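Hello,

Here is the structure I promised to pass on to you. Have a look at it first, and then read on for what turned up.

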Amino acid sequence: MSATAERADAGTTGTQRMTYREALRLALREELQRDERVFIMGEEVGVFEGSYKVTAGLMDEFGSERIRDTPISEEGFVGAAVGAAMGGERPVAEIMTINFLLVAMDQVVNHAAKVRTMFGGEVGCPMVIRTPNGGGNQLTAQHSQSLEAWFAGTPGLKVVAPATPEDAKGLLKSAIRDDDPVLVVENLPIYKEKGEVPLDPEFVTPIGLANVARGGTDITIVSHSFATVRSLKAAEKLAAEHDLSVEVVDLRSLRPLDVETVAASVAKTNRVVCVEEGWPSYGVSAELAARIQKACFDDLDAPVERVGMAEVPLPYAKNLELAALPGEDRIQAAVLATLDQ
Amino acid sequence: MTTMPAPATLSPAQLRELYERMVLIRVFETESERQYKAAKIGGYCHLSSGQEAATVGVVHTMQPDDVLVTGYRCHGFALARGVSPEAVMAELFGRRDGCAHGRGGSMHLLDVERGFYGGWGIVAGQLPVATGLALALVRRGKEQAVVCELGDGAVNMGAWHESLNLAALWRLPVVFLVVNNGYGMGTSVARASAEPDLYKRASAFRMHGERVDGDDLEAVLEASGRLLKRAREEREPAVLEVLTYRYRGHSVADAGLAYRTKEEVTERMQQDPIVRVRAKLRDGGCSDDELDAIDARIDERVAEAVKFADASPEPDVSELARNVYAPGSAGQFSRMRPGSPFGEETLVFDAGLGS
């Protein structure tokens with residue numbers, strides 16, 4: 001349980017060890033129970049129980065009106081979520097992978113993100129889109145992208161990207177309760193990861209707060225989503241093999257971005273490596289680098305370093321794919337280089 | 001208006017050849033599943049077992065200069081179009097001798113020489129692309145046609161409606177081949193489509209649409225031959241819906257029984273397209289020994305393809321950034337410094353992008 005998470009006293013206490021996937025399901029279940037306006041739409045979310053089984057059992061419990069199977073029509077049902085949200089509902093749209101969200105990009109960027117401001121604050125768009133990013137399973141160029149930076153660069157949208165089961169539950173609940181459109185970026189490799197998850201149905205992880213996932217003094221790694229999992233492993237190895245104390249800041253939210261927590265860490269360590277699964281060019285690490293040099297100009301002892309996916313569409317062949325992804329070895333090498341080691 | 005030999009006039013030799021190709025696809029898919037489970041194949045692997053008559057029938061009516069575009073369930077189409085089992089299997093293995101040099105894998109087979117412009121991975125994404133290929137044929141004055149394969153799940157995408165409208169409006173020579181195997185992933189046609197007679201949707205664009213039994217090779221040959229001829233000669237697009245069934249799940253990872261019953265699968269297997277052609281050949285005087293010999297030869301051929309794929313080298317990691325852009329673009333990126341999406345290993349791996 002992180003220090004920054006809010007907890008109201010609602011009776012249920014304690015935690016339970018569960019997978020990221022189960023934590024998401026718990027969040028959905030609790031919010032469906034809490035708020036009649038919440039309903040789910042997506043491909044294979046009902047009878048098939050979800051492409052990645054996040055919604056398993058929910059149709060049995062809540063029925064096919066609230067757990068609504070859709071045809072393969074991303075633009076249609078994401079747009080329908082925009083309309084339903086404007087009409088007072090709280091839709092949660094599941095998109096099978098972030099790659100398919102591109103089909104609905106017009107509804108996300110030109111519609112959902114614009115509703116509140118374009119209509120002068122007269123109507124809002126409280127909707128959630130859940131979708132996994134990530135490569136690493138040889139799914140090739142059209143199914144392996146981490147495109148969250150595209151959405152995080154869009155005013156009007158909020159974007160969160162949990163890296164742990166606890167945050168998966170807490171951030172999804174925050175997203176559903178939020179009055180704006182929120183993209184919840186999940187991640188294929190993390191679905192099976194386990195962790196302790198608070199059982200309190202009022203537990204939420206606030207949007208806009210980063211988490212120091214690992215304390216350290218020599219250097220800071222800033223990351224999100226699966227890059228945080230990789231970075232924590234790299235940090236452990238660097239401690240064991242090089243006696244280095246690496247701090248890992250898990251962003252959790254990309255928009256809004258918690259620059260304060262990042263800057264406080266860099267002010268302490270004076271060196272920073274930004275790690276992301278996506279392409280660094282014009283990416284999350286690009287945004288971080290710009291903000292860090294501004295906030296920490298006098299603190300930096302080395303240029304801001306970045307690690308991300310090689311700037312190629314992800315290839316199929318296993319050896320090429322591994323070479324393209326930001327693996328632990330590349331994170332370690334970047335940390336050592338930034339420390340002049 | 002029929003150009004293809006009427007079903008009855010298919011020579012025994014032709015029918016035997018088509019039988020052989022159907023068996024090749026079936027054996028290849030079975031072997032693909034085995035190799036996937038042996039972790040030689042990764043990623044997604046969508047099998048087309050059960051759909052051989054539709055696949056082989058349509059492709060047989062294509063001329064050498066016609067163009068083929070498909071979705072991601074494309075092993076069968078590649079093989080039917082004449083891509084060697086070696087090149088397909090090597091692609092599934094992610095090897096250098098694969099038809100996409102190990103870059104694309106199962107969903108992104110292609111063979112430009114044979115006019116096969118790709119397996120595509122985003123549902124319905126290939127429809128506008130196929131429409132554009134048809135436009136290119138027209139602009140270059142070629143009297144050829146495009147076959148655009150899609151699944152029943154693709155017909156509810158905006159790209160379907162937009163592509164059909166363009167093709168009809170501009171009179172483009174494209175036949176949209178809807179392979180209706182009953183399920184888009186785990187969702188039946190009835191649960192996904194307000195108009196489950198998918199071919200009827202063509203009429204919204206004043207386009208010809210029709211439906212045939214996709215497990216009846218001769219029915220497929222007749223309809224496909226006729227519609228492709230019309231497309232080539234009269235620039236009339238069409239929708240051809242072939243009713244078939246996939247025996248396996250959506251992909252190898254899906255057992256395929258969460259949304260349909262074992263009984264249904266067994267029942268559909270009674271109408272097996274390969275068994276039907278085999279019976280026809282037997283009626284025509286082909287002996288069981290002869291047919292078994294064909295089957296045995298195919299088994300060997302597929303085993304050879306596996307051997308070939310296994311022996312083919314992995315792509316070289318130093319070529320990771322190859323072909324991201326056209327030759328000659330390197331200069332444009334040369335001042336972007338390390339991390340630029342081009343060229344040599346150092347450019348890709350320096351600056352924290354690699355060790």
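This is a predicted model: local features need pLDDT of at least 70, side-chain atom pairs count only at pLDDT 80 or more; totals for chains, interfaces and linings use all residues.

One helix in chain B deserves a visit. Helix H11 of chain B covers residues 288–311, which makes 24 residues. From its first C-alpha to its last, H11(B) reaches 35 Å, close to the 34 Å expected at 1.5 Å a residue. Which residues of H11(B) are buried? They are Ile298(B), Val302(B), Ala305(B), Val306(B) and Ala309(B).

Now to chain A. Its domain assignment gives domain 1 (17–198) and domain 2 (211–338), and the C-alpha centres of these two domains of chain A lie 26 Å apart. The contact between them takes 27 residues from domain 1 of chain A and 22 residues from domain 2 of chain A. On the domain 1 side, at least two residues each come from helix H7 (148–152), strand E6 (158–160), helix H8 (165–177) and strand E7 (182–187) of chain A. That side of domain 1 of chain A has 14 nonpolar, 9 polar and 4 charged residues.

The two chains also meet. How many residues of chain A are in contact with chain B? There are 38, and they touch 41 residues of chain B. On the chain A side, strand E14 (305–307), helix H12 (318–324) and helix H13 (328–338) of chain A each give two or more residues. H12(A) gives the most to that side, with 5 residues. By class, the side of chain A that touches chain B divides into 21 nonpolar, 8 polar and 9 charged residues.

The largest nonpolar core has 194 residues, and Val184(A), Val146(B), Cys148(B), Val174(B), Val175(B) and Leu177(B) have the most contacts inside it. Leaving aside residues up to four places away in sequence, Val174(B) touches several residues, including Ala130(B), Ala145(B), Ala167(B) and Pro237(B). A second, separate core of 13 residues includes Trp279(A), Leu314(A), Tyr316(A) and Ala321(B).

Happy exploring, and best wishes

Key. Residues are numbered from 1 along each chain as its sequence is written. Chains are lettered from A and ligands numbered from 1 in the order in which they are written. Helices (H or I, at least four residues) and strands (E, at least two) are DSSP runs, numbered from the N terminus. The expected span of a helix is 1.5 Å times one less than its number of residues. A residue is buried if 20 or more other C-beta atoms lie within 10 Å of its own, exposed if 12 or fewer, and partly exposed in between; C-beta atoms are placed from the backbone. Domain bounds come from an automatic or database domain assignment. Two residues are in contact if their C-beta atoms, placed from the backbone, lie within 7 Å. Ala, Val, Leu, Ile, Met, Phe, Trp, Tyr, Cys and Pro count as nonpolar, Asp, Glu, Lys and Arg as charged, and the others, Gly among them, as polar. A nonpolar core is a set of buried Ala, Val, Leu, Ile, Met, Phe, Trp, Tyr and Cys residues joined through C-beta atoms within 7 Å.
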